[in-house]
Amino acid sequence: YSGSIRNNKVIMLKIAITGKIGTGKTTVSEIIKSLGYEVFESDKETRKILEKSKIIEKINLEFGNKVQDLINLENQIDRNKLGEFVFKNKFELRRLENIIHPEIWKNKKNFIKINKKKQILFFDIPLLFEKNIFMNYDYIIYTKVDFNTRKKRVLKRKGMTLSKFEQICSNQYELSQIQKKCISLEIDTKLNVNQIEEKLRDFIGLII
């Protein structure tokens with residue numbers, strides 16, 4: 001990337017953080033935030049979106065007759081039940097994405113607008129390659145770790161089951177050679193936090 005200032009205008013660098021489930025994207029995002037940078041976290045945004053009454057209404061209309069007790073006593077979506085259902089059926093997953101994704105893009109646009117004076121912004125996007133949006137970013141940080149570590153980490157999550165984990169894995173495919181070439185930094189999150197931080201500092205130092 002040649003220079004961050006062009007015609008006196010700051011050019012914002014957009015950096016994606018991606019990787020399969022359980023590979024430590026959240027850990028990397030937390031370290032980046034601790035270094036003073038802003039991170040758009042797709043999973044957190046999704047959780048916020050699922051609490052909006054208009055979204056609850058839309059999801060209930062779409063899935064209420066397919067998922068028993070989808071809306072809990074607090075009038076919120078039971079995310080575990082919804083997840084169990086959609087991850088077993090790609091068609092239903094697309095239907096859910098069609099409700100949620102426009103809201104995520106809206107929030108993402110807003111995030112960029114709020115931080116428009118920043119030289120560098122990070123975006124934690126789990127399905128960056130699967131959704132074929134990797135070309136929208138200047139750099140890509142890819143998190144990885146061995147399968148058993150991933151499985152152990154994910155099964156500790158509240159409401160996670162082995163079958164749900166396996167379904168999520170089946171929606172995350174192996175990268176093509178072209179996609180692999182687009183990765184700017186690969187981080188094995190079996191490293192300790194200090195080592196990961198050092199790698200991130202070195203990387204950021206090289207690009208800005």
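Mentor: Start with a pair of side chains. In this predicted model, the side chain of Lys20 and the side chain of Glu174 make a polar contact at 2.4 Å.

Trainee: Where does Lys20 lie in the chain?

Mentor: Lys20 is in the loop between β3 (13-19) and α1 (25-34).

Trainee: Is Lys20 buried or exposed?

Mentor: Burial is read from relative accessible area, and under 20% counts as buried. Lys20 has 13%, so it is buried.

Trainee: Which residues does Lys20 touch, leaving out those up to four places away in sequence?

Mentor: Lys20 touches Lys25, Tyr142, Thr143, Arg150, Gln172, Tyr173 and Glu174.

Trainee: Which side chain makes a polar contact with the side chain of Glu84?

Mentor: That of Thr161, at 2.8 Å. Glu84 sits in helix α4 (residues 79-86). Its relative accessible area is 19%, so Glu84 also falls under the 20% cut-off and is buried. Beyond residues up to four places away in sequence, Glu84 touches Thr161, Ser163 and Lys164.

Trainee: How should I read the cysteines, and how many disulfides are there?

Mentor: A disulfide is a covalent bond between the sulfur atoms of two cysteines. In a model, the test is whether two cysteine sulfur atoms lie within 2.5 Å. The count here comes to 0 disulfides. As for accessibility, Cys169 is buried at 17%, while Cys182 is partly exposed at 25%.

Trainee: What about nonpolar residues? Which ones touch the most other members of the largest nonpolar core?

Mentor: In soluble globular proteins, nonpolar side chains tend to be buried together. The largest nonpolar core in this model has 32 residues, and Ile59, Phe63, Leu82, Leu128 and Phe129 touch the most other members. Two or more residues of this core come from each of α3 (53-63), α4, α5, β5 (120-124) and β6 (139-144). Helix α5 gives the largest share, 6 residues. There is also a second, separate core of 18 residues, with Ile15, Ile120, Ile141 and Ile196 among them.

Trainee: Which residues surround Phe63, not counting those up to four places away in sequence?

Mentor: Phe63 touches Leu70, Leu82, Phe85, Val86, Glu92, Arg95, Leu96 and Ile99. Among them is Leu82, which is listed with Phe63 among the core residues that touch the most other members.

Trainee: How do I compare distance in sequence with distance in space?

Mentor: Take Asn89, in the loop between α4 and α5 (90-114). Asn89 is partly exposed, at 30% relative accessibility. From Asn89 to Leu191 there are 102 residues in sequence and 35 Å in space, C-alpha to C-alpha. For the chain as a whole, take the contacts between residues at least 6 apart in sequence: 71% of these join residues at least 24 apart.

Trainee: How many helices and strands does the chain have, and what is its overall form?

Mentor: The chain has 9 helices and 7 strands. Its C-alpha trace spans about 55 × 40 × 30 Å along the principal axes.

How values were computed:
Residues numbered from 1 in each chain as written. Predicted model: local features only at pLDDT ≥ 70, side-chain atom pairs only at ≥ 80, totals over all residues. Heavy atoms only, no water. Helix = DSSP H or I, 4+ residues; strand = E, 2+ residues; numbered from the N terminus. Buried < 20%, exposed > 50% of the residue type's maximum accessible area, 1.4 Å probe, protein only. Polar contact = N/O pair within 3.5 Å; in protein donor to acceptor, adjacent residues only side chain to side chain. Contact = heavy atoms within 4.5 Å. Core = buried A, V, L, I, M, F, W, Y, C linked by side-chain atoms within 4.5 Å.
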